[in-house]
Each structure stands twice: as structure tokens, then as C-alpha cells.
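Student: I'd like a close look at one single part here, then some context around it. Could you take me through it in one go?

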Amino acid sequence: MNETGNHMQLKVNGKEHEVEVEEDMPLLWVLRDELGITGPKYGCGITACGACTVHIDGMAIRSCSMPVGDVFGEVTTIEGLGTPDALHAVQAAWIEHQVAQCGYCQSGQIMAAAAFLEVNPDPDDEAIDRALSANLCRCGTYVRVREAVKTAAAKLRGV
Amino acid sequence: MKKLIFALTGLTAFIVVHALAEEEEAPLAPLEAGSVSQEDGLANWAKIHEVFSHPRCANCHVDDSGIPMWSGPSYGKTRPHGMFISGGETRIGIEFVQCGTCHGRENSPTPHGPPGNEVWLLAPAEMQWFDKSSQEICEQIKDPERNGGRTILEVAEHVSHDPLVHWGWDPGPGREAAPYSAAETTDSILKWQAAGAPCPSAE
Ligand code: FES
Ligand code: FES
């Protein structure tokens, strides 16, 4: 318990958590260090890479830079997107296309893609690039990312 | 699409609250028409133009491509926002990646971290004046079709009260603030209006 901290409730992946942290602690720190949810990764800490992307009420957010006190809804991380038995369409497409290389950026890529497809279910190449170019991949998986997004989009549309 | 509607509803709710908050401020009183000379009116327009054409203001007053601009001492020439970003038709990037994905409620304290504000969005496309001349912007500011549906007094009130406009004078580390202040710029707009809102001749 942090004596100088603030008591906060946070719903992550459907489960309520109570944490005792400063309001300005980045959400990523709370997820990884307080709750042990390590899917979201630390890359840059200034919203420049996307490795830490999670959802808040379905919207993609860079958790490295959002103070936990500003969290405005339920948080979903890659751990809560699907299950091994019931993968999210984006996760299934990622496997189908074997997108990951080292994997470090991939939870961020998948979370960004899943949020994007909720609002843009039939994107063209330009829209995909606009939506995902802020998620960097040091291994250069971009071509497979684009193909997997198309596959996931088709699956989500039921075609 | 459900989430898009939700997001738009949320934004709409915010904008309504935001607009009401603007209305709650004490209304500005216009100066007496003719109480400022043409010459002083033009001098005040020159100050207004310095503010409106400053990167902290103009970089988000872009066309319907929705591509915000980046500029500053370390960028060299003004250039499109990195990461292939577009605010799209929604002007908040809902159809691609929402501005709020990276731009939080406050400026990042880290150099090159994202600036922030309680709301982060592009000005409507019809209010594009990035790259326009002083004369063009001057005429545009008087035209409700291209200034957000405002009278000149309402433009002054917008500059006086709007938190995102005020961000231009508090842009976070590593960014040059707009010149003057919100209060001085509001004062200049009122004086310019009292002079009959004169515009410079085409350059
Ligand atoms: S770690 Fe958050 S965007 Fe890079
Ligand atoms: S898979 Fe290695 S950084 Fe993207």
C-alpha cells in the first residue's frame, strides 16, 4: 500500500481491481507493475510507438502516457480481447498470417487493429495504413499486418 | 459502427457542454463602431494575423485531407504530422486512429511527447487557413460560412474563452507559444471590428 497514494478502482478485462497509486501514474505502470498484466509493452513512453496500446471502452489508448486518474472506462488489454478457445478475429487472422516476428510490438498492433475495425469494418489499404502507421514494428511486419487486418475485417463482416 | 456512434455521441455531448461553458462566460461588449481608425484597425489585424497564422494555431486549421501539420525548431520546414495521421472527416480521427489515442488531457512534460488538452481536434475543413495569405484569412474571418458560423464578436468570444484556442499560448515544452495572449488577441479583434474590420490588400 502506498501511504501517499490514492485508492482507485479499475475495471480491467472484466474484473474489478483496487489499486493504491498516485493519480498521475501511467496506466501502463499500473497494469504491468501493480496488476501483473504484461501484455501491453513499454517501448517509448511518449506515445510514439504504440507498444502499450490498450482499449478504454473500446477506444485505443496509449497506456504509457495516460495517467491512471484519467481512465474514463473499462480497460481491455490483449489478455482480455479473446481467449485461446475463442480468439478475437484479429488474433485469429494474426495467427493465420503469422504476423509476429519478435512479437514485442504485436499486442499493441492487435489492440490498435481491433479498435480500428470496430469503427471501420471494411477499410482500404490507405485507411489501414493511416490507422496503424503509429504502431511501429522494428521487425518490419507491416505487410503481414495489412493482410491480417483485411482477413480479420472480412471475418468480422461475415464474408 | 456502434462504437463510432458512441464516440460521436460522447464527442457531441462534450461539445455541447463545452459550448455551454463558453456561453456561461461574461459576454464581451463590442467597442463603439468607428471609435478606432482604419490605420489602427489594420495594425490590429496584423497582430491578429500573427496569432492566427502562427503554427500553434494554423497547423490544425487544415483542409479536408485532415492532415495536421508539424513545425518547430527541430523540424526544419513545416511538414505533415508524422505516422501518416489524418483526422479524417470527423476531424478527430475516428475513422483511422483517434486523436485522443495519443493526445491526452494535458501536454506531455517530455520534449517531443504529445501535446494535450481537455479536447483535441482539428478545426472544421471550411475553417482551413493554413498556408493562406493575411488578406485571405482576414476575409475568411468575416465570413460565417468559413469561420464556424460566427459574427466577429463571436470570433472574439471564441478566442477569449475556448480552451483549445488557449492551448496555443500554453503548448508544452519545446514548442513556441503563439504571440501576445488570448486577452490581447481578443482586444485586437474588438478594435479591428470597431474600425470596420479592414483587410490588407492582396499580397
Ligand atoms: S510505450 Fe506507449 S506508445 Fe510507446
Ligand atoms: S514483431 Fe518485432 S517489433 Fe514488431
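Leaving aside its neighbours within four places in sequence, which residues is B:Thr186 in contact with?

Tutor: Keep in mind that this is a predicted model. Setting aside anything within four places in sequence, B:Thr186 touches B:Leu28, B:Ala156, B:Val159 and B:Ser160. The residue itself sits in helix H8 of chain B, which covers residues 182–194. With a relative accessible area of 6%, B:Thr186 falls under the 20% cut-off, so it counts as buried.

How far to trust the surroundings? Chain B has an average pLDDT of 89, and 87% of its residues score at least 70. The stretch to watch is residues 1–23 of chain B, where pLDDT is below 50, though the model still gives this stretch 23 contacts beyond near neighbours in sequence. For the model as a whole, the scores are ipTM 0.93 and pTM 0.90.

Now over to chain A. Its secondary structure is six helices and five strands, running β-β-α-β-β-β-α-α-α-α-α from the N terminus. The radius of gyration is 16 Å, close to the 15 Å the globule rule gives for 159 residues, so chain A is as compact as a globular protein of that length. Its C-alpha atoms fill a box of roughly 50 × 30 × 25 Å along the principal axes. Of the 159 residues in chain A, 50% are buried. Among its contacts with a separation of 6 or more, 54% link residues 24 or more positions apart.

Technical notes
Residues numbered from 1 in each chain as written. Chains lettered and ligands numbered in written order. Predicted model: local features only at pLDDT ≥ 70, side-chain atom pairs only at ≥ 80, totals over all residues. Heavy atoms only, no water. Helix = DSSP H or I, 4+ residues; strand = E, 2+ residues; numbered from the N terminus. Buried < 20%, exposed > 50% of the residue type's maximum accessible area, 1.4 Å probe, protein only. Contact = heavy atoms within 4.5 Å. pLDDT = per-residue confidence, 0-100. Rg over C-alpha atoms; globule rule 2.2 N^0.38 Å.
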